[in-house]
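Hi,

Here is the structure I promised to pass on.

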Amino acid sequence: MQQPPFLPPQPSAMLRHFGVTLDDLKKALAAALEKGADYADLFFEHSFENYLSLRDGTVNRASADVDYGVGVRAVKGDQTGYAYVESTNLDDMLNAARTASCIARSGQTRLGGEIKTDVRFPQTRILTSWEDVAVKSKIPYVQTLNDRIFALDRRISKVSVSLNDTTTYVLFCNSEGLCYADYRPMAILTAVCVMEQNGQIENGQASVSQQKGFEFLTDDLLADLAQNVVRKTAVLFDAVKPRGGEMPVVMAAGSSGILLHEAIGHAFEADFNRKNESIFSDKLGKQVCDARITVVDDGTLPYSRGAVNVDDEGVAGQKTCIVTHGVLTSYLHDRISARYYGVAPTGNGRRQSFRHAPLPRMRVTYMENGDADEQDIIAAVKNGVYVDNFTNGQVQIGAGDFTFFVKSGYLIENGKLTQPIKDINIIGNGPQALADITMVGNNCRIDAGAWTCGKNGQSMPVSQGLPSVLVKKLTVGGES
C-alpha cells in the first residue's frame, strides 16, 4: 500500500505549535508599531537538525540540535529595528517588539486590519518527515555509499561520508494582516574521497542537496554520488596547472553557474543598488549583454536547495527575470527595496534564522538556454580552458571584480579538450564578463550541490545553473 504524503500542519496548528494565539500576535505587532513604525512583522522558527558522519568504514559522529524563537522587525522609512528572543512567551515577545520599535521610532501607532490565517499555505509534498526517522535507519545509506565508492577504484585509500538533515517550522505574520505557515525540509549528502597513485595523493568532494524528506535517499542517488566523487578525484592525477594569463574560457553546464552568482548575482540584489554600491545601480532598463542572454532567479523549482514556497517576508516564491534578452529588467527585491523602487517584492527577502532581519538574497540563479551545442562552443576556441568543477568564490560589489577557484577542467587546444588541469583561479569583472559571453549552449543544468551563500554575516542555501557558455576573455591564474 502506497504511503500517503506527509502534510505539514496548517497555520492554525502552527499557532498551537508555537504556543501563541492570534491575540498574542496582535499584541506583539502593536508593540512593534507603538513608536510609529510603518510596518512590523513576526518570524517564528523551530528547527531540528541532525548530523551523521562515517569515516574509515565506521560511524564516528552523530549529533542533533534544536533551535527555537521569534524575531520581531519594525520598519520606519529606511530605518529598521530588529530584536529576537529564544522564547514565544508573550511577555518576552512584547519586550523584543518594544526594543525593535524603539530602534525604528517615530510617532504614532498603526495596526492595519485583522490577521488572516488562511491567506496562503504552501504544501511541501514529502513522503516521510526526517523527524520520524531514527539514526539507525540512516546508517545503512552512508555505509552503502562508502562501500560503493571503495568498489569503484583500487587507488582509493580513504572515504568519508556525511548526512545532514534539517526540518524547520515557520510561522510569519505582519501588520498588514498576512499570516502564513511553512514547512522546510533540507537534506545534504556529502562524500569525500582520497586516492593514492605512485606516491601522489589527490582528494575530491561531491555533494547533493534537496528539499526532501527521507525519500531523498535512493539507490540511484548513492550510485550517482559515488561515481561523481571518484571521477572528480581520479582526473586530478593527470592534471597540470596551465600557463596563466588572459584567454577564452568555456564554462561547462551546471556548477559553472557560480559565474552568475559571483560575477553578477550579488550585484543584482536590490539593497546594493538602492545604496548605489552596485556597479549595476544605474543600468536598470539598459542593455548589459548579448540579446541571446536571459538570466533568471527562480524560487519555484521543486525540491531545489535554493527554492522557496514563500520567502521570509510572506511573499510567494516566483520566477524573476533579472536580465531579459540582454536588458537588465529587474533587481532582486525584499519588501524594503521594493517600496523604495515602487515595484512589487520578488520573493527574495531571506534570513538565516529568526535571529536575523531579512535581506535581498538569491535563490536559484541560472541562465536560460541558448542555441549552441557544447561541442561547437569548444570547437570555436583555439587556445583556452574548459572548467567544470568549482569550490568557492567572492566578489567586490562596487567594482564588480570577482574570483573563484576551479578544482579541475581541461585545456582547449585547436578546438579540442586535451590535458586535464587543476587548482586554478578565474578572475574577472562581472559586467565585462557578462558582456564578453559570445556563445550560449542549449544544455542548461541546475547544479544540485550543497551551495551556501554568505552576505552580511548571514549564510543561506542557494542553487545555481548555467548552460555551457564561452567567455571570450578572462584571467586564468596558473603557472607563470
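Is arginine 363 buried or exposed? Arginine 363 is buried, with a relative accessible area of 0% (buried is under 20%, exposed over 50%, partly exposed in between, with a 1.4 Å probe and protein chains only).

Before the rest, some ground rules: this is a predicted model, where local features need pLDDT of at least 70 and side-chain atom pairs count only at pLDDT 80 or more, while totals for chains, interfaces and linings use all residues. Residues are numbered from 1 along each chain as its sequence is written, and side-chain values use heavy atoms, leaving out hydrogens and water.

Arginine 363 meets aspartate 297 in a salt bridge, 2.7 Å from N to O (a side-chain nitrogen of Lys or Arg within 4 Å of a carboxyl oxygen of Asp or Glu). The two are 66 residues apart in the chain, and aspartate 297 is also buried, at 0%.

Arginine 184 pairs with aspartate 312 in another salt bridge, with the closest N and O atoms 2.8 Å apart. This pair ties together parts that are 128 residues apart in sequence. Arginine 184 is buried at 17%, and aspartate 312 is buried at 4%.

Lysine 158 bridges to aspartate 56, at 3.7 Å between the closest N and O atoms. Here lysine 158 is partly exposed at 47%, and aspartate 56 is exposed at 56%.

Asp38, Lys76 and Arg339 are linked in a network of salt bridges. The whole structure has 25 salt bridges.

How values were computed: Helix = DSSP H or I, 4+ residues; strand = E, 2+ residues; numbered from the N terminus.
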